[in-house]
Each structure stands twice: as C-alpha cells, then as structure tokens.
Amino acid sequence: MDKSILVNKINMHCPICDNIHDVEERKEIIEIVLHGKKVTYEERFYRCTEINKDENEFLTGAMMNEAINAWKTKRKENK
C-alpha cells in the first residue's frame with residue numbers, strides 16, 4: 001500500500017522514462033532504527049506517472065541532500 005502523499009505535479013524532464021511530462025512530487029514519513037531507537041523523518045521524492053513499475057521514483061540532488069540532512073539531525077538528537 002502506498003503511504004506517500006501527493007504534494008504537487010511538476011512538468012519536467014523525467015529521468016525514468018526520458019520524456020517531458022507532469023511528474024508527481026510526493027512525501028512520505030520514513031521510519032528507521034537509529035542507535036536502537038525508532039525515529040521518523042519526512043522524505044520528498046518524484047514519481048513518474050508514465051511508467052507503472054516498482055522503480056518509478058527518483059530524487060533530485062537537492063532532495064537527496066534534504067534527506068541526508070534530516071537523517072543527520074535525527075542522529076544527533078538521538079545520541
């Protein structure tokens with residue numbers, strides 16, 4: 001079951017299908033175990049709506065940096 005929430009639709013070049021079309025910007029609450037404690041953070045990503053496969057989601061560099069920074073912040077909070 002998809003736990004992500006639709007945030008926006010953006011017309012852009014999609015690296016999944018290599019076409020320009022509306023891709024979905026989505027967010028999801030991710031739960032990980034860090035130092036033995038469950039922590040959660042919000043992750044944003046894009047989803048190609050032209051391809052109906054399991055591998056139709058991607059991150060931009062900025063989104064990847066946000067996810068890494070959120071993870072680092074949670075890690076510092078839980079030390």
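Reader: How many aromatic pairs does the rule give?

Author: The count is one aromatic pair, where rings of Phe, Tyr and Trp (its six-membered ring) pair if their centres lie within 6.5 Å. The model is predicted, so local features need pLDDT of at least 70 and side-chain atom pairs pLDDT 80 or more, while totals for chains, interfaces and linings use all residues. Residues are numbered from 1 along each chain as its sequence is written, and side-chain values use heavy atoms, without hydrogens and water.

Reader: What makes the pair of Tyr46 and Phe58 tilted?

Author: The centres of Tyr46 and Phe58 are 5.5 Å apart and the planes stand at 35°. Planes under 30 degrees apart count as stacked, over 60 as edge-to-face and the rest as tilted, so this pair is called tilted.

Reader: Which parts does the pair tie together?

Author: Tyr46 lies in strand 3 (residues 37-47) and Phe58 in strand 4 (residues 57-58), so the pair ties together parts 12 residues apart in sequence. Strands are DSSP runs of E, at least two residues, numbered from the N terminus. Tyr46 stands opposite Phe58, and both are buried.

Reader: How do you know that strand 3 and strand 4 pair?

Author: Pairing requires at least two bridges found by DSSP. Strand 3 and strand 4 have two bridges, in the antiparallel sense, so they count as paired.

Reader: Why is Glu24 called buried?

Author: Buried means under 20% relative accessible area, exposed over 50% and partly exposed in between (1.4 Å probe, protein chains only). Glu24 has 14% relative accessibility, so Glu24 counts as buried. Glu24 is in strand 2 (residues 20-34).

Conventions:
Helices (H or I, at least four residues) and strands (E, at least two) are DSSP runs, numbered from the N terminus.
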